[in-house]
Amino acid sequence: MSKNNIVVPEAKEALERFKMEAAAEVGVNLKQGYNGDITSRQAGSVGGQMVKKMIEAYEKGLK
């Protein structure tokens with residue numbers, strides 16, 4: 001059972017768009033739905049890009 005529950009269900013679509021945008025920036029070809037065919041390195045690079053962008057947005061908000 002997954003413990004990655006979305007607290008705000010309305011945010012699910014925005015998170016998917018954000019993930020696809022981050023994947024495109026790092027050159028990983030994601031598709032809608034299951035992406036079990038990508039490598040761990042590719043998945044990690046997408047997650048890392050997402051975190052990087054979130055930190056940049058937070059820092060920009062502090063100024």
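Analyst: The labels are taken up below, one question at a time. This is a predicted model, in which local features need pLDDT of at least 70 and side-chain atom pairs count only at pLDDT 80 or more, while totals for chains, interfaces and linings use all residues. Residues are numbered from 1 along each chain as its sequence is written, and side-chain values use heavy atoms, with hydrogens and water left out.

User: Why is Gln-49 called buried?

Analyst: Gln-49 has a relative accessibility of 14%. Buried means under 20% relative accessible area, exposed over 50%, and partly exposed in between (1.4 Å probe, protein chains only), so Gln-49 counts as buried. The residue belongs to helix H2, residues 40-62; helices are DSSP runs of H or I with at least four residues, numbered from the N terminus. Not counting residues up to four places away in sequence, Gln-49 touches Ala-22, Glu-25 and Val-26, where contact means heavy atoms within 4.5 Å.

User: What makes Ala-57 partly exposed?

Analyst: Ala-57 also lies in helix H2. Its relative accessible area is 49%, and therefore Ala-57 is partly exposed.

User: Why is H1 called roughly perpendicular to H2?

Analyst: The axes of H1 and H2 come within 8 Å and cross at roughly 110 degrees. Axes are lines fitted to C-alpha atoms, for helices over the stretch in contact, and angles run from 0 to 180 degrees between N-to-C directions. Angles of 65 to 115 degrees count as roughly perpendicular, which makes H1 roughly perpendicular to H2. Among the residues making the contact are Phe-18 and Ala-22 of H1, and Val-46 and Met-50 of H2.

User: Which residues of H2 are buried, and what do they pack against?

Analyst: Val-46, Gln-49, Met-50 and Lys-53 are buried in H2. The buried residues of this helix pack against H1.

User: How do you know that the span of H2 is close to the expected one?

Analyst: H2 has 23 residues and extends 33 Å from its first C-alpha to its last, close to the expected 33 Å. The expected span is 1.5 Å times one less than the number of residues.

User: Why is Asn-35 called buried, too?

Analyst: Asn-35 has a relative accessible area of 15%, and is therefore buried. Its place is in the loop between helix H1 (11-26) and H2. A polar atom of the Asn-35 side chain lies 3.1 Å from the backbone oxygen of Gly-33.

Terms used:
Helix = DSSP H or I, 4+ residues; strand = E, 2+ residues; numbered from the N terminus. Polar contact = N/O pair within 3.5 Å; in protein donor to acceptor, adjacent residues only side chain to side chain. Parallel < 35°, antiparallel > 145°, perpendicular 65-115°, else oblique.
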